[in-house]
Amino acid sequence: MRKAAVFVAALSVIVASAAPASAAVAVTGPGGFVAGFVPPILVIAPGEGITYANADIAPHNFVAYDSFLSKKQAKKTKWCSGFDAGKCPLFWSETITAGSSTEVLGLERVKSGKSYGFYCSLHPGMKGTLIVR
Ligand SMILES: [Cu+2]
């Protein structure tokens, strides 16, 4: 109980400090590499952003695993430099440590009515589904 309260308090500080006005929030809490993302199924409106917050002790990220940019798009996209040709994720966040939050980049390319898998590239068992209304 006490742990949960501390977690929620820490989380509200993280989220309040970085969330853009209209952004959904995805979180990993303590034990995130086992428990995964909260919520595991995240629904956003077209055009809505996602703030990813990490309250776990391990570093994590929020990255598309089953949808990729074209080679042409990847060339123009900053975060793609570390990925093989044709393997740059459609959306991506930097890896963040405990107590940090960040914006998921690339969401302007997701399409209404579609769903996308996402994971933590450091812990590939941590998976979720993003649904765009
Ligand atoms: Cu991770």
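1. Strands here are DSSP runs of E of at least two residues, and helices are runs of H or I of at least four residues, both numbered from the N terminus. Two strands count as paired if DSSP finds at least two bridges between them. Within this pair, L42 has L130 in β7 as its bridge partner.

2. The model is predicted: local features need pLDDT of at least 70, side-chain atom pairs count only at pLDDT 80 or more, and totals for chains, interfaces and linings use all residues. Residue numbers start from 1 along each chain as its sequence is written.

3. The β2–β7 pair belongs to an open sheet of four strands with mixed pairing, in the order β2-β7-β6-β4. Because β2 and β4 stand at the edges with a single partner strand each, one side of each is left without a neighbour in the sheet.

4. A further open sheet has three strands in the order β1-β3-β5, again with mixed pairing. Its edge strands are β1 (23–28) and β5 (100–103), each of which pairs on one side only. Neighbouring strands of this sheet are turned by 20° against each other on average, direction ignored; the axes are lines fitted to C-alpha atoms, and angles run from 0 to 180 degrees between N-to-C directions. β1 pairs with β3 (residues 49–54) in the parallel sense over six bridges, and T28 has N54 in β3 as its bridge partner.

5. The largest nonpolar core has 27 residues, of which A26, I50, A64, F91 and F118 touch the most other members. Such a core is a set of buried Ala, Val, Leu, Ile, Met, Phe, Trp, Tyr and Cys residues joined through C-beta atoms within 7 Å; buried means that 20 or more other C-beta atoms, placed from the backbone, lie within 10 Å of the residue's own. Two or more residues each come from β1, β2 (41–44), β3, β4 (63–64), β6 (115–120) and β7 (123–132). The most come from β6, with four residues.

6. Leaving aside neighbours within four places in sequence, I50 is in contact (C-beta atoms, placed from the backbone, within 7 Å) with A23, A24, A26, L42, I44, V104 and L107.

7. The peptide bond from V38 to P39 is cis, with omega near -5°. P39 is found in the loop between α2 (32–35) and β2. Most peptide bonds are trans.

8. Mean pLDDT, the predictor's confidence in each residue from 0 to 100, is 88 for the protein chain, and 84% of its residues reach 70 or more. Over residues 1–9 the pLDDT is below 50, and this stretch has three contacts in the model beyond near neighbours in sequence. Where pLDDT is low, the predicted coordinates should not be read in detail.

Methods: Buried ≥ 20, exposed ≤ 12 C-beta atoms within 10 Å, placed from the backbone. Contact = placed C-beta atoms within 7 Å.
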